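Trainee: Could you take a close look at the aromatic rings here and walk me through how they pair up?

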Amino acid sequence: MALKIVMFSDYICPFCYVGFETMRRLKPEFDFDLEWRGFQIHPEWPAEGIPIDKALETVAPASRVALWKRISAMAEAVGFSMKPPTVLTNSRAALAATEFARESGRDEALEERIYRAYFNEGVNIGDAETVARLAAEAGLDSGEVADAIKSPKYEMRLKNNSLAAHQRGVSGVPTFFFGEFPLVGAQSPNAMRTILKRATERFAS
């Protein structure tokens with residue numbers, strides 16, 4: 001029986017991107033089902049985005065450089081690269097689109113495309129038309145995705161995700177649940193490999 005893992009994450013979180021790619025690359029080694037749950041951490045940010053220099057103007061430049069060196073090193077350890085986004089944006093449209101994509105099994109492809117667009121290409125994923133275009137590149141119908149982004153059905157799913165996260169004590173992302181056991185934060189591939197081995201043994205017994 002496959003190990004069940006729930007992952008709460010948000011597209012604007014660089015550590016979620018690291019966690020997402022880590023799980024993707026370890027999946028061939030382990031029998032697990034990863035249930036993605038979109039959890040919006042900054043719903044107050046505007047869809048048009050806040051220029052990162054303005055949003056982080058109170059943070060010392062040296063601290064920002066140090067943070068992104070750390071993030072880049074974590075990404076490189078997994079086997080991909082990423083850059084700081086040009087804007088800090090609202091992720092609601094992207095999260096709603098991914099809820100729609102789950103129904104056809106295209107959610108992983110869409111997640112990869114959205115993360116890469118935001119953290120490598122400087123794309124504003126707060127824009128619904130842009131998200132629909134990215135969805136088309138991931139094999140989905142852009143018109144259907146555009147409708148889904150506006151649909152109360154997927155808005156309700158996002159609200160349910162948020163409620164589930166709060167009920168389980170989630171205060172930051174990414175948060176993984178192995179059964180009822182939480183794991184907060186992105187892990188190195190070796191650390192996550194060890195965790196998956198132990199979880200597989202525990203839940204199989």
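**The aromatic rings**

Mentor: Happy to! Phenylalanine 100 counts as buried, with 14% relative accessibility (buried is under 20% relative accessible area, exposed over 50%, partly exposed in between; 1.4 Å probe, protein chains only). This is a predicted model, where local features need pLDDT of at least 70 and side-chain atom pairs count only at pLDDT 80 or more, while totals for chains, interfaces and linings use all residues. Residues are numbered from 1 along each chain as its sequence is written, and side-chain values use heavy atoms, leaving out hydrogens and water.

Tyrosine 154 is buried too, at 5%. Tyrosine 17 and tyrosine 115 are stacked, 4.8 Å centre to centre with 5° between the planes. Tyrosine 17 lies in helix H1 (residues 14–26) and tyrosine 115 in helix H5 (residues 107–120), so their pair ties together parts 98 residues apart in sequence (helices are DSSP runs of H or I, at least four residues, numbered from the N terminus). Tyrosine 17 is buried at 2% relative accessibility, and tyrosine 115 is buried at 1%.

Phenylalanine 100 and tyrosine 154 pair edge-to-face, 5.9 Å centre to centre and 85° between the planes. This pair links helix H4 (residues 92–102), which holds phenylalanine 100, with helix H8 (residues 152–167), which holds tyrosine 154, 54 residues apart.

Finally, one aromatic cluster includes Tyr17 and Tyr115, with Trp36, Trp68 and Phe80 also among its members.

Conventions. Phe/Tyr/Trp six-rings, centres within 6.5 Å; stacked < 30°, edge-to-face > 60°. Helix = DSSP H or I, 4+ residues; strand = E, 2+ residues; numbered from the N terminus.
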